[in-house]
Amino acid sequence: MEFSGGKRKKLRLADDQRNACYPHSLQFYLQPPSGNVSLTEFETLAIDRVKLLKSVENLGLSYMKGTEQYQSKLEAELRKLKFSYRESLEDEYEPRRKDHISHFILRLAYCQSEDLRRWFIQQEMDLLRFRFSILPKDKIQSFLKDSHLQFEAISDEEKTVREQDIIASSSTFGGAQLDPESVYKIPFAEALDLFRGRKVYLENGFAYVPHKDIVAIILNEFRTKLSKALALTARSLPAVQSDERLQPLLNHLSHSYTGQDYSTQGNAGKISLDQIDSLSTKSFPPCMRQLHKALRENHHLRHGGRMQYGLFLKGIGLTLEQALQFWKQEFIRGNMDPDKFDKGYSYNIRHSYGKEGKRTDYTPYSCMKIILTNTPGQGDYHGCPFRHSDPELLRQKLQAYKIPPAGISQILDLVKGTHYQVACQKFFEMTHNVDDCGFSLSHPNQFFFESQRILSGGKDIKKDSVQPETPQPRPSVQRSKDSSSTLDSLSSALDMDLEELEELLQ
């Protein structure tokens, strides 16, 4: 694959050539992509895939997988991000190309640790499960063949002979008859999970698997191949990371925040200092609520807490003048000399508003940044309560917030599964009496503004004096101006991965 600094020139392919490139709306990603990709497009494709997989994760935790609500919301997300999802749609080449390339880009970003690999594999499996569930039955056999799966649909005659045995062996059928096209003959070794559960009919070294059970075997094959491919990609990664244009993006992608930056410009004048106490109990997320409480009780926060809370307040509308007044008043209550505050603390506040130093206008921290960086120590109050609190302490906090016992159990189960943002989203739904908040929570300021929207009946936040926020620097990809620049290391690394993977799988 080659990379250039300019825009990609769209390839003009005949319909049959385009169809040959991507015959289906889903695939096992057995071949790495080839062709030209600009660095701008590389970054865009990667970010869109991250957004998609995060939506897959959130929907899978909010709804029962396979239900009508889950299916419709995931389809809407795929449509919005312009990824492939249905076989019957016209001109699917670009969405399928996007799907193909973006998957391989994220392999590079998510191969770097066991936790990242596990998360990536799970979301890709859920995405494949959805796409397979809406794949037309007349396309299934060709998809299996293209995926190198030796799963053969048996004839009606074979089915008639074995129908009763298949029904008796499968938990899928409650005495019902087999569907016309629903049984596949596969090697016994590919159906070990079904065999262990005594859920499949075996004969002469083959398993006869109904259509409803075949998806589990397909997903298992996909997981095995993707897991091996990620391990091989990790070995080849140094060759790719040596390219200074891609290294910052790849290092940032797995922890990236892809939503709104909540810069202050549009929020100035929305709140006053007198409103902060009441807003903290109604509309602050638990991370900011805990910081506000600690500040009021101790009249001081350490640097990590001041940065996290200060940028949050900036994002909801606090002006620089208000921020200086707010922090100074509170610190003076803790017996700090006003001159000491002016000399030791006001500079940092002005710096966060872009008025000192490099004049960088910082944005509020996203959930990912709070969860993954600057772990709090003893005496600190920053961080994410769902990520950094002891489970029993978290239970006590939730009880103090009037969360019912059943709700606390739900939240703690999500925390145990490391779904910290979804746990916070569940907290939002319970404290605002909504069954479905209608968004995927990824930012403390998003929590605040969505809370205010609900509490005000869908209207904007009311009143008072506060000012705008500022943008937090993000890693960026250096864009080469040389349109002929290439990254042979990426292509060779991916090719090597595939060749080694093929040998392992044979």
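**Close-up views of a predicted model**

**View 1. Lining of the largest cavity.** At least two residues of this lining come from each of α13 (303-316), α14 (320-333) and α16. The model shown here and in the other views is predicted. Helix α13 gives the largest share of the lining, 5 residues. The lining holds 14 residues in total, and those nearest the centre of the cavity are Arg306, Trp327, Asn348, Ile349 and Ser352. By class, the lining has 9 nonpolar, 4 polar and 1 charged residues. The space in this cavity is about 160 Å³.

**View 2. The second largest cavity.** Its volume is about 110 Å³. Of the 15 lining residues, Cys287, Cys367, Cys384, Phe386 and Cys424 lie nearest the centre. Helices α17, α18 (385-388), α21 and α22 (444-455) each contribute at least two residues to the lining. The lining of the second largest cavity comprises 13 nonpolar and 2 polar residues, with no charged ones. In the whole structure, 5 cavities of 30 Å³ or more are found.

**View 3. Packing of α2 against α5.** The axes of α2 (residues 39-62) and α5 (residues 114-133) are 9 Å apart and form an angle of about 80°, so α2 is roughly perpendicular to α5. Residues of α2 in the contact include Arg49, Leu52 and Glu57, and those of α5 include Trp119, Phe120 and Leu127. The contact has 6 nonpolar, 1 polar and 5 charged residues.

**View 4. Two loop residues with positive phi.** Arg359 is not a glycine, yet its phi is about 65°. Arg359 sits in the loop between α16 (346-352) and α17 (367-372) and is exposed, with a relative accessible area of 55%. Thr418 has a positive phi near 65° and belongs to the loop between α20 (405-416) and α21 (420-431).

Methods:
Residues numbered from 1 in each chain as written. Predicted model: local features only at pLDDT ≥ 70, side-chain atom pairs only at ≥ 80, totals over all residues. Heavy atoms only, no water. Helix = DSSP H or I, 4+ residues; strand = E, 2+ residues; numbered from the N terminus. Buried < 20%, exposed > 50% of the residue type's maximum accessible area, 1.4 Å probe, protein only. Axes fitted to C-alpha atoms, helices over the stretch in contact; angles between N-to-C directions. Parallel < 35°, antiparallel > 145°, perpendicular 65-115°, else oblique. Contact = heavy atoms within 4.5 Å. Nonpolar A, V, L, I, M, F, W, Y, C, P; charged D, E, K, R; others polar. 1 Å grid on protein atoms, 1.4 Å probe; cavity = no way out; pocket = protein on both sides within 12 Å on 5 of 7 lines; lining within 4 Å. Points joined across faces, edges and corners; volume = space filled by probe spheres on them.
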